[in-house]
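I opened my notebook to look at the spaces inside one structure.

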Amino acid sequence: MPPWVEVRDFGSPEWNAERARACCEALESNQILFFRQPPFVVEGCDFLTAQRSLDSAVHKNVSYRPASAAMRGFSGDPKTAAEMRRILALYSARAVECVQKLLLPYAAKLRLDYASFRGLEEAGRNLPLHKRNDLLHVDAFPSRPTRGGRILRFFTNIHPSKTRVWITTERFPELARRFAGEAGLKQVAAARARRKFGHLLHVFGLPVPDRSAYDEFMLRFHDWLKENTRFQSECAKDKIEFPPMSTWLVFTDGVPHAVLSGQYALEQTFIIPREALVTPQQAPIGVLEEIAGMQLAG
Ligand code: SIN
Ligand code: FE
């Protein structure tokens, strides 16, 4: 069985709302949607993959915020930075245009998050434990609570010859049913229900993101999985090799993943609110609320 669902007819006259819905269903059941070639022209690949000599200027990933057109994480010369920003803005705009047709049920409600250029070789990166990308985890953003919205990522491997190598394991519903108790779901839910000061801290302008119990748990679960050496070594693993120029979409809150090697990828993140999902009961928020027996998104 291939590790992904390949999209073949996007852009053909046969493409229609029913197929778009089937793509959403595949993603929401935690499958990976895969294109052998990008579904649009990705500009600037030669420029980006020539950034080899600028390793010291690429701090981590370079991020691009479509809402403000701001770029972070790159300290090269202004001309190079301007070109990188232009390329990221183009990738972002085209990914949005593509997602609005490919995943039509989300079109009116999706929220655009950051884009990124992942310019460093992933193998052998020396990162602190919770930031390591080579350990299996589900994504959660400390600074951007989603309140149950799902994290959708749109990747293209722009390396001219090297695959980008991921591993995955069982999906979030299985992991949550097995480990949510151990990882502290009940305690997080109870603590959030007691905490009345979240809003107050906001009033005083303190930088405390007003996280729901859901967001608190997802952050905790991200860390818990990375800290759990037994889980990391013993869990069943599927290796996935994304070929050069392939493109894939995945809900990274539902598909535990780790990147073992690869260099030069472009990525755009979307937040899909709960009310836009076609099968919300399958989303991590639905799964966790069922386990906890209470609402967690408030
Ligand atoms: C991650 O989200 O953990 C990294 C994925 C990648 O860069 O391929
Ligand atoms: Fe991740």
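**Entry 1: sorting residues.** Before counting anything, I wrote down the classes. Ala, Val, Leu, Ile, Met, Phe, Trp, Tyr, Cys and Pro count as nonpolar. Asp, Glu, Lys and Arg count as charged, and the others, Gly among them, as polar. I also noted that this is a predicted model.

**Entry 2: the largest pocket.** I looked up its volume and found about 1100 Å³. I then listed the lining, which comes to 35 residues. Nearest the centre of this pocket lie Asn-61, Lys-131, Asn-133, Phe-141 and Arg-153. With the classes at hand, I sorted the lining of the largest pocket into 10 nonpolar, 10 polar and 15 charged residues. Next I asked which strands and helices take part. At least two lining residues come from each of β3 (58–65), β5 (111–118), β6, β7, α7, β10 and β11 (265–272).

Entry 3: What takes up the space of the largest pocket? I found ligand 1 there.

**Entry 4: the shell of ligand 1.** I noted the residues around ligand 1. They are Arg-118, Asn-133, His-137, Asp-139, Arg-153, Phe-155, Arg-164, Trp-166, His-257 and Val-259. By class, this shell has 3 nonpolar, 3 polar and 4 charged residues. Three strands, β6 (150–157), β7 (164–168) and β10 (257–261), each give the shell at least two residues.

**Entry 5: polar atoms at the ligand.** I checked the distances from side chains to oxygen atoms of ligand 1. For His-137, an N or O atom of the side chain is 2.9 Å from a ligand oxygen. For Trp-166, a polar side-chain atom is also 2.9 Å from an oxygen of ligand 1. For His-257, the distance from a side-chain N or O atom to a ligand oxygen is 3.2 Å. How much of ligand 1 does the protein bury? Taken alone, ligand 1 exposes 260 Å², and the protein buries 98% of that.

**Entry 6: the second largest pocket.** I turned to the next pocket and read off about 210 Å³ of space. Its lining has 13 residues, and those closest to the centre are Met-1, Pro-2, Pro-3, Trp-4 and Arg-171. I sorted the lining of the second largest pocket into 7 nonpolar, 4 polar and 2 charged residues.

**Entry 7: the cavity.** How many cavities of 30 Å³ or more does the structure hold? I counted 1. The largest cavity has a volume of about 80 Å³. It is lined by 13 residues, with Ala-140, Phe-141, Thr-146, Asp-215 and Met-218 closest to its centre. Which helix gives the most to this lining? I found helix α7 (residues 213–227), with 4 residues. By class, the cavity lining has 7 nonpolar, 2 polar and 4 charged residues.

**Entry 8: Ser-143.** Last, I looked up one residue by itself. Ser-143 sits in the loop between β5 and β6. Its side chain makes a polar contact with the side chain of Arg-144, at 3.4 Å. I also compared Ser-143 with Pro-38, 105 residues apart from it along the chain. Their C-alpha atoms are separated by 30 Å.

How values were computed
Residues are numbered from 1 along each chain as its sequence is written. Chains are lettered from A and ligands numbered from 1 in the order in which they are written. This is a predicted model: local features need pLDDT of at least 70, side-chain atom pairs count only at pLDDT 80 or more; totals for chains, interfaces and linings use all residues. Side-chain values use heavy atoms; hydrogens and water are left out. A residue is near a molecule or strand if one of its heavy atoms lies within 4 Å of it. A polar contact is a pair of N or O atoms within 3.5 Å; within protein, one must be able to donate a hydrogen and the other to accept it, and residues adjacent in sequence count only if both atoms are side-chain atoms. Accessible areas come from the Shrake-Rupley method with a 1.4 Å probe; for residues, only the protein chains shown count as cover. On a 1 Å grid over the protein atoms alone, a cavity is a set of points where a 1.4 Å probe fits but cannot get out, and a pocket is an open set with protein on both sides within 12 Å along at least five of seven lines; lining residues have an atom within 4 Å of a point. A molecule sits in a cavity or pocket if more than half of its atoms lie within 2 Å of its grid points. Grid points are joined across faces, edges and corners, and a volume is the space filled by probe spheres set on the points.
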